[in-house]
Amino acid sequence: MITLKFMRYLTTAVRCGSITEAASQLNISASAISAAIDQIEEHFDLKLVSRHRARGVQATTSGRVLIKKFQVLLDDYEDVLLGGADLKQAMTGTLRIGYYSPVAPAFLPQIISEMSAVHGALSLHLEECDNDKAQDGLLNGRFDAIIFVANAAQPQINYQPLIEVPAYCLLPEAHPLTARPAIDLSDLNDEPIIVLDRPLATEYYQKLFENTARAPNNWILANSTEMVRSLVGAGFGCSILNMVPKTQITYAGERVVARPLVDDLPGLLLAVGYDHAKPRALVREFARACVAYFAAQSAQEIIVRNDMHPITS
């Protein structure tokens, strides 16, 4: 017999990626969780998880399908415990958000703050990750919603577009090119280029230079946006980025300048991804708040368009 308790043990183990961590969260023994997983697999005659000493617990394809169904049952059960309120309308519970957006701190707190002002304090779990891991986390139930770049969306991901973010050039404040209202990529041929070394980003930025007369002389790789900005501010080179923070001061206290690019370049599509089939009210509200935020004029502050006046320091 498969009980709700066993379902909770399995879903928690997969979400944590570790039987030991799940046991700690549920305050039970690891052997109890292992036994529950064994019994569920025996009942369905399916392998639902892969267990690795180094990588922990991962759901198989069959496991992901069943875990989604188990989670619905568990959510409905929690609904009964809360007094029979309709779970789809309840603005309660934990909201787990994964995000791949180098400047998410520039907008995500404001979106959540506006939700909290209407619905009260929220229980939140926010995690920065690369684009693929964000999508994998949504599919395996680790995240309720994700902010990610939809140019590389997996076919199973349902999402709503938020904003098209064009590429722009980031320069040290004292650089001669800051005197120009906009920059051509060919202007950077003799400049060291500091590249955001993250999955998806590196390939995207390298492709932007394929149509120029020649590639830049050298690349400097850094795997965080703020390190890229700080290296630019310190005069190590220029960079191409897509989203701009609302401050032009780096962590090191140097000033940088964002200039639009005149080249006709592909942008990145920022989107909010979530399960459209049966989302909780809290997830629907988060998606709505994201769309509303980026529809407002204030969201234009985090992009630099080539048809706008350049953002100055």
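Predicted model: local features only at pLDDT ≥ 70, side-chain atom pairs only at ≥ 80, totals over all residues.
Let me start with helix H8, whose buried residues are covered by, among others, strand S7 (168-172), strand S8 (193-196), strand S9 (219-222), strand S10 (238-241) and strand S11 (256-260). Contact here means heavy atoms within 4.5 Å, and helices (H or I, at least four residues) and strands (E, at least two) are DSSP runs, numbered from the N terminus. Residues are numbered from 1 along each chain as its sequence is written, and side-chain values use heavy atoms, with hydrogens and water left out.

Back to H8, then, which spans residues 225-233 and is mostly covered, since eight of its nine residues are buried. Buried means under 20% relative accessible area, exposed means over 50%, and partly exposed lies in between, with a 1.4 Å probe and protein chains only. The buried residues of H8 are Thr225, Glu226, Val228, Arg229, Ser230, Leu231, Val232 and Gly233. After the helix comes Gly235, which has a positive phi, near 90°.

Now to the nonpolar cores, a core being a set of buried Ala, Val, Leu, Ile, Met, Phe, Trp, Tyr and Cys residues joined through side-chain atoms within 4.5 Å. In soluble globular proteins, nonpolar side chains tend to be buried together. Which residues touch the most other members of the largest core? Among its 64 residues, they are Phe107, Ile147, Leu188, Tyr205, Ile240, Phe286 and Phe294. Helix H9 (residues 281-295) supplies the largest share of this core, eight residues. Another core lies apart from it, with 23 residues, among them Tyr9, Leu48, Val49 and Phe70.

Leaving aside residues up to four places away in sequence, Leu124 touches Leu95 and Ile112. Leu124 and Gly93 are 31 residues apart in sequence, and their C-alpha atoms are 8.8 Å apart in space.

Next, the cysteines. A disulfide is a pair of cysteine sulfur atoms within 2.5 Å, and a search of the whole structure finds zero of them. Cys238 is buried, with a relative accessible area of 0%. Cys290 is in no disulfide either, the nearest cysteine sulfur being that of Cys129, 14 Å away, and Cys290 also counts as buried, at 0% relative accessibility.

Let me turn to charged pairs. A salt bridge is a side-chain nitrogen of Lys or Arg within 4 Å of a carboxyl oxygen of Asp or Glu, and by this rule the count comes to 12. In one of them, the side chains of Asp38 and Arg51 meet at 2.7 Å, N to O. This pair links distant parts of the chain, with Asp38 in helix H3 (residues 30-44) and Arg51 in strand S1 (residues 49-52), 13 residues apart. Asp38 is partly exposed at 39% relative accessibility, and Arg51 is partly exposed at 36%.

Another salt bridge joins Arg288 and Glu285, with the closest N and O atoms 2.8 Å apart. Both residues lie in helix H9, three residues apart, about one turn of the helix. Arg288 is partly exposed at 46% relative accessibility, whereas Glu285 is buried, with a relative accessible area of 14%. Salt bridges that share partners also join Asp38, Glu41 and Arg51 into one network.

I will finish with the second largest pocket, which has a volume of about 500 Å³. On a 1 Å grid over the protein atoms alone, a pocket is an open set of points where a 1.4 Å probe fits, with protein on both sides within 12 Å along at least five of seven lines, and lining residues have an atom within 4 Å of a point. Grid points are joined across faces, edges and corners, and the volume is the space filled by probe spheres set on the points. Of the 20 lining residues, Gln58, Asp136, Gly137, Asn140 and Arg142 are the closest to the centre of this pocket. Helix H1 (4-16), strand S2 (56-59) and helix H6 (131-139) are the elements that give two or more residues to the lining, and H6 gives the most, with four residues.
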